[in-house]
Amino acid sequence: MKFLKKYIGAIFVSIMVLFLFFMGNTSLYPEFLISASAGVMNFAEYLIQAFNIGDIIKSLKSVPAWLLLGGYLFLRSLFGALMMFVLKPDMEQGAMTLVNTPMKVIKYGIMIYLSVDVFLFLLLISVIGAPFAVAVFLATRLLLLFGYVPLSIFVGYALEDVLKIKGYTSLYYFLGAFVCFLCCFVPILGRAFLFFVFPVLSYGSLYVLMVNKYKIKHSHKVVFHSSASHRSFKKKKILSIIVKDVDFTDLEEKNEN
C-alpha cells in the first residue's frame with residue numbers, strides 16, 4: 001500500500017502513456033507534438049544530407065567492430081579526462097558514492113537503466129515518438145559519458161587498494177579507464193560489461209551524486225588524495241628529517257674556497 005500511495009501518480013501517468021502509444025492514432029496526440037515530430041524528422045534528414053551521414057555509415061560498416069569499439073572507448077576516455085579537469089570534485093564525490101553506498105548505487109542504477117529502455121521502446125512503437133526516441137537515446141549516452149568518470153575512478157582506486165598502492169584521483173581514473181577498456185574486450189562477458197554492468201553503475205553513481213549534492217546537501221569524505229602534491233610534501237618532510245642534524249659548515253667553506 002505504501003508503494004502504491006507513493007507512486008500512484010507515476011503509475012497513472014504510465015498507464016495513460018501506454019494507452020496513447022498503443023492506440024497508434026495520431027488524432028489522440030496534441031497538434032504541437034505532431035508538428036514537433038515532423039520538424040525533428042525534417043531537421044534529421046537535412047543533417048543526414050548535409051554531412052553525408054549515409055556515406056559515413058556505409059564506410060564504417062567495412063571497419064572491424066573491435067576497432068570501432070576501441071575508438072569509442074578511447075574518445076570516452078578523453079572526454080573523461082576533460083571532465084576530470086573541469087568537474088574533478090564532483091567526479092570524486094561520484095566515486096565515493098560507489099565506495100560508501102554501493103548497493104544504493106546498484107539499486108537506482110538498475111531502476112534508471114530499465115526505465116530508459118522501457119521509455120525508448122514506448123517511443124519507438126508510437127506513431128510520432130521515433131524522433132524523440134533518438135533524442136532521448138543521445139541524451140542518455142551523454143549522461144553515461146559523465147557517469148563513466150566516477151566509475152573509472154572507483155575501479156582504479158579499488159584495484160590500487162587491493163595492491164596496497166597509494167595513488168591520487170587522476171592516476172585512479174586512467175588506471176580504471178584502462179581496466180574498463182580491457183573488460184569490454186573480454187569474450188562473452190565483455191558485452192555484459194559494456195551494455196549492462198557499466199551503464200547501471202554509471203547511472204546509479206550519477207543519480208546518487210545529484211541527490212547528495214542538490215537535494216540533501218551531503219558530501220562524502222574523499223578517502224584518497226586528489227593530486228600528487230602530497231608526494232612532494234612527503235619528500236620534503238623526509239629530506240628535512242635526514243638533514244636535520246647534519247652540519248654543512250665544512251661543505252660551505254670548501255665551496256667558498
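**Burial and surface**

In this predicted model, 28% of the 257 residues of the chain count as buried. The chain exposes about 17,400 Å², and 72% of that area is supplied by carbon and sulfur atoms.

**Fold and contacts**

The chain has eleven helices and zero strands. Read from the N terminus, the order of elements is therefore α-α-α-α-α-α-α-α-α-α-α, with angles between packed helices treated below.

Among contacts in the chain with a separation of 6 or more, 75% are between residues 24 or more positions apart.

**Packing of H7 and H9**

Two packed helices are described by the angle between their axes and the distance between the axes. For helix H7 (residues 130-162) and helix H9 (residues 189-215), the angle is about 80° and the axes are 8 Å apart. Angles of 65 to 115 degrees count as roughly perpendicular, so H7 and H9 are roughly perpendicular to each other.

On the H7 side, the residues in contact are Thr140, Arg141, Leu143, Leu144, Phe146, Gly147, Tyr148, Pro150 and Leu151. They meet Leu194, Phe198, Pro199, Leu201, Ser202, Tyr203, Ser205 and Leu206 in H9.

**Nonpolar surface patch**

Met103, Ile106, Ile110, Leu114 and Phe196 form a nonpolar patch on the surface. Together these residues have about 440 Å² of accessible area. Helix H6 (residues 102-125) gives the largest share of the patch, four residues.

Leu114 is one of the patch residues and lies in helix H6.

Notes. Residues numbered from 1 in each chain as written. Predicted model: local features only at pLDDT ≥ 70, side-chain atom pairs only at ≥ 80, totals over all residues. Heavy atoms only, no water. Patch = residues over 30% accessible without salt bridge, like charges linked within 9 Å, V, L, I, M, F, W, Y side chains within 5 Å. Areas by Shrake-Rupley, 256 points an atom, 1.4 Å probe, with all protein chains shown as cover. Salt bridge = Lys/Arg side-chain N within 4 Å of Asp/Glu carboxyl O. Helix = DSSP H or I, 4+ residues; strand = E, 2+ residues; numbered from the N terminus. Axes fitted to C-alpha atoms, helices over the stretch in contact; angles between N-to-C directions. Parallel < 35°, antiparallel > 145°, perpendicular 65-115°, else oblique. Contact = heavy atoms within 4.5 Å. Buried < 20%, exposed > 50% of the residue type's maximum accessible area, 1.4 Å probe, protein only.
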